[in-house]
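The questions below work through one protein model, and each answer sets out its grounds before it reaches the value or name asked for. Please keep the sequence and the 3D view open while reading.

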Amino acid sequence: MDQKLLVGMSQKDITPPARVSLKGQFHTRISEYVESPLLANVFAAESAGDQIVICACDLVGIGLDFANTVRAKIRERCPDLDADKIIFSATHTHTGPEYYRVEKSLHVAAKFLPEEIKFVDYEKIPDDVWMQDKCGPFIADRLCEAVCEAWEKRQPGQISPSFGRAVVGHCRRVVYDDASAKMYGSTDTVNFEALEGGNDSGIELLYVFDAANKPVGALANVACPSQCVEGEYYISADYWGKARDKVKAQLGDDFILLGLCGAGGDQSPRDLIRRNAKKQRRTDPNMNGLEGAIELGGRVAQVVLDKLESAAAEPSGQAVIAHEVLSIDFPLRRVTISEYDNAKRQFMDYVRSNPKTTYDSRDMSALHIHGGIMERYEKQQTVQFYTSEIHVARIGDIAITTNPFELFLDYGNKIKAMSEATQTFVIQLACDTAGYLPTAKAERGSHYSAYVSSGKTGHDGGELLVRKTLDTIQKLWQE
């Protein structure tokens with residue numbers, strides 16, 4: 001069978017032309033300006049009768065319903081593209097817009113408030129602020145344009161895999177001497193035991209060249225969410241925006257860099273060992289601001305630039321593409337009766353201690369864990385599974401795998417370690433947003449990201465994801 005590669009790439013600005021409500025924190029944040037544009041970057045490839053399209057977006061997540069809305073638009077414009085084989089992924093920036101309606105944990109908890117108490121999420125939103133009803137259709141149209149443009153531009157091209165290293169992510173869960181854990185917990189205490197997990201400095205790279213050997217783009221898979229400026233009040237692509245700026249300064253504005261977030265559910269840009277500002281430790285630039293985004297963007301960009309020369313020496317215009325789309329039933333993570341009773345008691349204790357008729361996001365932040373446990377208890381009486389779309393693809397000797405979770409690093413490491421491929425990309429927050437997927441160790445340590453209500457499934461679902469992904473990779477390598 002002819003394995004000649006046809007490739008196409010595109011980039012599209014998806015920044016709403018107005019102020020927006022920023023998604024990613026419990027409290028309401030209205031953007032004040034655009035610090036850096038949000039982009040959708042697309043890689044499309046076809047070979048040997050199969051295809052793969054990856055659309056990497058500077059967004060906090062991509063809901064499956066929203067992805068399917070975009071796919072419906074694409075089917076109308078590009079009927080020869082199998083829309084089911086389009087992967088939509090998010091860099092997980094917390095300075096992008098709320099653009100599709102998802103029942104947030106604060107709203108879940110609000111269901112259990114007494115009738116006399118109302119939760120007011122948004123107060124006095126100015127008329128010029130775009131909310132979901134405007135942001136959603138705008139971004140859906142832009143993503144459709146970006147995907148179709150890449151698909152329509154495909155022509156004979158070449159690819160060349162590579163690998164580099166840069167320290168970007170660190171484990172953000174701290175374990176104490178009583179075996180409890182805490183996200184972003186303090187380490188400068190005698191009770192500090194260890195960070196719960198490791199980090200991954202490896203960066204999986206795939207360069208794309210045209211038929212004349214000109215570099216036109218690259219895919220970079222980094223195991224860390226895009227969250228240096230996660231609490232700010234402006235629109236920003238975070239460190240991926242800075243990485244693109246530096247790469248484009250060297251290779252031109254037409255060079256397209258896809259930022260693909262690896263297994264980073266327990267990762268963040270912040271080094272918790274050296275972070276104590278009071279002791280003025282020598283450490284990284286401020287990883288809670290633009291300084292950190294510039295630093296990390298520079299590290300990623302330097303790897304992309306440094307590895308280009310060797311990748312350009314051996315590009316290939318031939319590669320088999322085989323792409324499987326799986327539907328997996330993950331077991332819904334359950335709560336026990338005692339956990340439910342305890343959550344209900346703590347919920348009502350807070351209500352009795354805070355006798356008000358209106359609750360704001362601060363109140364609901366205090367209640368969302370208890371409300372989430374109560375909601376899960378009710379849901380598990382009738383729902384047993386969370387069904388998810390998973391992609392596993394082969395491009396030459398590279399495996400591309402996806403999942404919809406904020407996946408803890410250990411699961412990504414298991415997939416990479418046992419994969420049949422010479423190199424494996426693990427892309428999280430793809431084609432849905434299903435919350436955190438913690439390890440068994442994290443569940444025992446508890447706290448945010450490992451609470452029952454922090455995600456759809458638990459460690460048994462994580463092991464199922466690993467097995468199904470590896471089984472499919474093995475199948476693709478045997479064909």
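Q: How do the residues of the lining of the largest cavity divide into nonpolar, polar and charged?
A: This is a predicted model, in which local features need pLDDT of at least 70 and side-chain atom pairs count only at pLDDT 80 or more, while totals for chains, interfaces and linings use all residues. Residues are numbered from 1 along each chain as its sequence is written, and side-chain values use heavy atoms, with hydrogens and water left out. Glu196, Gly197, Asp266, Phe408, Asp410, Thr439, Lys441 and Ala442 line this cavity, where lining residues have an atom within 4 Å of a cavity point. With Ala, Val, Leu, Ile, Met, Phe, Trp, Tyr, Cys and Pro counted as nonpolar, Asp, Glu, Lys and Arg as charged, and the others, Gly among them, as polar, the lining divides into two nonpolar, two polar and four charged residues.

Q: Which helix gives the most to the lining of the second largest cavity?
A: The second largest cavity has a volume of about 40 Å³, and its lining, by class, holds four nonpolar, four polar and two charged residues. Among those that line this cavity are Asp200, Asn221, Leu409, Gly412, Asn413 and Lys416. Helices are DSSP runs (H or I, at least four residues) numbered from the N terminus, and the one that gives the most, with four residues, is helix 9 (residues 409-418).

Q: Is helix 7 roughly parallel or roughly antiparallel to helix 8?
A: The axes of helix 7 (residues 337-353) and helix 8 (residues 361-379) come within 9 Å and cross at roughly 150°, where axes are lines fitted to C-alpha atoms over the stretch in contact and angles run from 0 to 180 degrees between N-to-C directions. Angles under 35 degrees count as roughly parallel, over 145 as roughly antiparallel, 65 to 115 as roughly perpendicular and the rest as oblique. The relation of helix 7 to helix 8 is therefore roughly antiparallel.

Q: Is the crossing of helix 1 and helix 3 left-handed or right-handed?
A: The axes of helix 1 (residues 64-77) and helix 3 (residues 132-152) come within 9 Å and cross at roughly 50°, and these two helices are therefore oblique to each other. A crossing is left-handed if the near helix is turned anticlockwise from the far one by less than a right angle, and right-handed if clockwise. The crossing of helix 1 and helix 3 is right-handed.

Q: How many nonpolar, polar and charged residues does the contact of helix 4 with helix 5 have?
A: Helix 4 (residues 238-251) and helix 5 (residues 290-306) have axes that come within 7 Å and cross at roughly 45°, in a right-handed crossing. The contact, which means heavy atoms within 4.5 Å, includes Trp240, Val247 and Leu251 of helix 4 and Leu290, Gly297 and Leu305 of helix 5. By class, the residues of this contact are 13 nonpolar, four polar and three charged.

Q: Leaving aside its neighbours within four places in sequence, which residues is alanine 18 in contact with?
A: Alanine 18 is found in the loop between strand 1 (6-13) and strand 2 (19-20), with strands taken as DSSP runs of E of at least two residues. Its C-alpha atom is separated by 8.8 Å from that of serine 31, 13 residues apart along the chain. Once those neighbours are left aside, alanine 18 is in contact with Asp128, Trp130 and Ile235.

How values were computed: 1 Å grid on protein atoms, 1.4 Å probe; cavity = no way out; pocket = protein on both sides within 12 Å on 5 of 7 lines; lining within 4 Å. Points joined across faces, edges and corners; volume = space filled by probe spheres on them.
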